[in-house]
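Please read it with the coordinates open.

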Amino acid sequence: MSGSGIEDGAGDGALPASLTVDAFDVRMADIADIGLERLQALSISVGWPHRAEDWQFAREVGHGFVALDEIDRVLASAMWFPYGDDFATIGMVMTSPRLQSLGVGEWLMKRVLSASAGRTYRLSATRAALALYRPLGFVGQRTVFQCQGEARRSDRSASAQPRRLVEADLAAVTALDERAFGTSRAGLIARLFGQSVGYGLERDGALAAFALCRPFGRGHVVGPVVAGTDEDAIAVVQPHVDEHDGRFLRLDTHLDEGLFPVFVARSGLRIHDTVLTMSLGAPLTDPSTRAPDRPVTYALATQALG
Ligand SMILES: CC(C)(COP(=O)(O)OP(=O)(O)OC[C@H]1O[C@@H](n2cnc3c(N)ncnc32)[C@H](O)[C@@H]1OP(=O)(O)O)[C@@H](O)C(=O)NCCC(=O)NCCS
């Protein structure tokens, strides 16, 4: 923890209640108590595209902490998103550039892990964050390709015809997502469903694939997408691409082989960045490994939500 000193105090277990960072004291606060515009200023400082609405959504489905300086500026954040009692994703981990590498990220991460204890975890790690997560025990699993750009309607005619999803499809979407993701995300999927346009594909009367799309960051994001085959995944994503022709669209995927990534690139969504899916504790299903009768998560809800 170069440049930082630990103050003893009533922290969480062995964690200090405040840190001396550079020349001033930093304290921790519940992220629920912080104005959205202040959180957005933090994410802008690290170059992230989150709108106030995206922070609001993160707080509705998750919990977390911020680090505040002596005049209450938000210097860092870390959140977790519980799916049941045994599993959580971690995200929205960032430290203002002027205070990086001083131990604030580690301090917040340890607090998140202690507040959410008893779970296994998954997160999407940027290159800068590997040195933060590896010493905490996180192990790399799969690369995520963050694909984005101006969407381009394709002239490809899909072999299967998807239909627009309606409220009555929520239970089937939730069940299919659970089979792909490895644990139920019922609360999250219900909230996403309310904010998204969805397309689904049926086989023998059962939902075989779906793709949700909602406003996020600089435009819209397609995700989650769950399907059993590349063809089905393409069929449910294509209407979203067509509807956003000429506009900014983003899709985060683990897939780097087969027809799907080719389709994504041809749709104008180029690889903008990569992050690494990491797990702590027994990992859930490998996010993009196929097994007979197990659907695959073709696109993440967001990097923070998995
Ligand atoms: C990644 C990040 C959250 C780390 O926060 P932090 O407060 O600097 O973390 P710490 O000071 O506790 O440092 C933890 C380790 O990360 C390293 N580190 C911190 N910032 C780094 C950076 N920008 N590049 C490379 N390594 C970095 C530190 O040197 C330290 O490693 P060490 O223990 O071997 O010295 C911060 O760099 C950041 O906000 N980056 C931009 C946004 C981002 O990528 N968030 C991560 C999302 S998964």
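The points below take the ligand site, then the helix pair.

1. The model is predicted. Please keep that in view for each point.

2. The shell. The ligand is surrounded by 19 residues. The closest are Thr-95, Ser-101, Gly-103, Gly-105 and Thr-126.

3. Where the shell comes from. Four elements each supply at least two of its residues: β6 (87-95), α3 (104-115), β7 (120-125) and α4 (130-133). Both strands and helices are therefore among the contributors.

4. By class, 11 shell residues are nonpolar and 7 are polar. Charged residues number 1.

5. Which backbone atoms sit beside ligand oxygens? For Leu-102, a backbone N or O atom is 3.0 Å from an oxygen atom of the ligand. For Gly-105, a polar backbone atom lies 2.7 Å from a ligand oxygen. For Glu-106, the corresponding distance from a polar backbone atom to a ligand oxygen is 2.9 Å. The cut-off for a polar contact is 3.5 Å, so these pairs qualify.

6. Burial. On its own, the ligand exposes 870 Å². The protein buries 70% of that area.

7. Helix pair. Two packed helices are described by the angle between their axes and the distance between the axes. Helix α5 (residues 170-181) packs against helix α6 (residues 186-195) at about 130°. Their axes are 10 Å apart. Because of that angle, α5 counts as oblique to α6.

8. Handedness. Is the crossing of α5 and α6 left-handed or right-handed? α5 passes α6 in a right-handed crossing.

Terms used: Residues numbered from 1 in each chain as written. Predicted model: local features only at pLDDT ≥ 70, side-chain atom pairs only at ≥ 80, totals over all residues. Heavy atoms only, no water. Near = heavy atom within 4 Å. Polar contact = N/O pair within 3.5 Å; in protein donor to acceptor, adjacent residues only side chain to side chain. Areas by Shrake-Rupley, 256 points an atom, 1.4 Å probe, with all protein chains shown as cover. Nonpolar A, V, L, I, M, F, W, Y, C, P; charged D, E, K, R; others polar. Axes fitted to C-alpha atoms, helices over the stretch in contact; angles between N-to-C directions. Parallel < 35°, antiparallel > 145°, perpendicular 65-115°, else oblique. Left-handed = near helix turned anticlockwise from the far one by under 90°.
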